[in-house]
Amino acid sequence: MAERREDTEEAACSHATDRSNCVNSAPKGAHARHGEQDTRPLQNGLKSPQRFTFSAEPTMEDIRRLQAEFTDERDWNQFHQPRNLLLALVGEVGEVSELFQWRGEVAEGLPGWTEAEREQLSHELSDVMIYLLELAEKCRVDLPQAVLRKMALNRLKYPASKVHGSAKKYTEYQD
Ligand SMILES: Nc1ccn([C@H]2C[C@H](O)[C@@H](COP(=O)(O)OP(=O)(O)OP(=O)(O)O)O2)c(=O)n1
C-alpha cells in the first residue's frame with residue numbers, strides 16, 4: 001500500500017508555518033543516511049522503503065555561487081544569457097529523457113539499473129539543476145523562496161481533503 005504523505009517527516013515539515021525550523025530539524029539518525037534508502041520501520045509500524053533524504057549541503061545559493069565562479073573563470077557570462085540557459089536546460093532535460101527512453105515504466109529506486117547508469121543519471125540531473133539555478137539567477141528569481149511560495153499555492157489549489165488519491169487537474173474538480 002502506498003504510504004500517505006502525512007505519515008512522513010517531510011510532510012510534517014511541509015505543514016509547518018515557520019519553515020526555517022524545518023531545515024535540519026530532525027534529530028540525528030531520524031533520517032536515512034543522505035543519498036541512501038531507509039528501510040527501518042516508521043514509528044507507526046509502517047515500513048517505507050521509499051524514504052530518502054538529500055544532504056543539507058550544498059544549498060541552492062551554494063550551487064548558484066559555484067556556477068557563477070565557474071563561468072567567471074572562463075569568461076562565459078557573455079554566453080549565459082537567459083535564453084541560452086533555457087535552451088541548455090532543455091537540452092539537459094533531453095539527456096535525462098534519453099536514459100529513460102525505451103525502458104517502459106521504471107520503478108522508484110531504479111531497480112535493475114547499473115551503477116554506471118545511475119551515475120550517468122546523477123550527472124544529467126545535476127546539469128539540469130545547474131542550468132535551472134543559473135537561469136533563475138539571471139532572471140532574478142530567488143528560487144528557494146519562490147519554491148516555498150509556489151508550494152503554498154499548490155496546497156491551496158489542491159487541498160488534501162479534496163483531492164486525496166486523485167491525480168485530476170484542479171480545473172476538473174467541482175466546488
Ligand atoms: N557553455 C557551458 C558549457 C558547459 N557548462 C557546464 C554546465 C553543465 O553542468 C555542463 C554541461 O556540459 P556539456 O555541455 O559538455 O554537457 P554534458 O556534460 O551533458 O556532456 P554531453 O553533452 O557530452 O553529455 O557544463 C556551462 O556552464 N556552460
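Helix 5, residues 143-157, has 15 residues and reaches 20 Å from its first C-alpha to its last, close to the 21 Å expected at 1.5 Å a residue. The expected span is 1.5 Å times one less than the number of residues in the helix. Helices here are DSSP runs of H or I with at least four residues, strands are runs of E with at least two, and both are numbered from the N terminus. A residue is buried if 20 or more other C-beta atoms lie within 10 Å of its own, exposed if 12 or fewer do, and partly exposed in between, with C-beta atoms placed from the backbone.

This is a predicted model, in which local features need pLDDT of at least 70, side-chain atom pairs count only at pLDDT 80 or more, and totals for chains, interfaces and linings use all residues. Residues are numbered from 1 along each chain as its sequence is written.

The protein chain comes to six helices and zero strands, so its elements run α-α-α-α-α-α from the N terminus on. Of its 175 residues, 4% count as buried. Among contacts with a separation of 6 or more, 59% are between residues 24 or more positions apart; a contact means that two C-beta atoms, placed from the backbone, lie within 7 Å.

Trp102, which follows helix 3, has a positive phi near 70°. Leu87 lies in helix 3 and counts as exposed because it has 11 C-beta neighbours inside 10 Å. The C-alpha atoms of Leu87 and Tyr131 are separated by 9.3 Å, although the two are 44 residues apart along the chain.

The ligand is surrounded by Thr71, Trp76, Phe79, Glu95, Asp127 and Ile130. A residue is near a molecule if its C-beta atom, placed from the backbone, lies within 6 Å of it. This shell divides into three nonpolar, one polar and two charged residues. Nonpolar covers Ala, Val, Leu, Ile, Met, Phe, Trp, Tyr, Cys and Pro, charged covers Asp, Glu, Lys and Arg, and the others, Gly among them, are polar.

Confidence remains to be considered. The model scores ipTM 0.98 and pTM 0.78. The mean pLDDT of the protein chain, the predictor's confidence in each residue from 0 to 100, is 81, and 72% of residues reach 70 or more. Over residues 1-31 pLDDT stays under 50, and the model has 18 contacts beyond four places in sequence for them. Where pLDDT is low, the predicted coordinates should not be read in detail.
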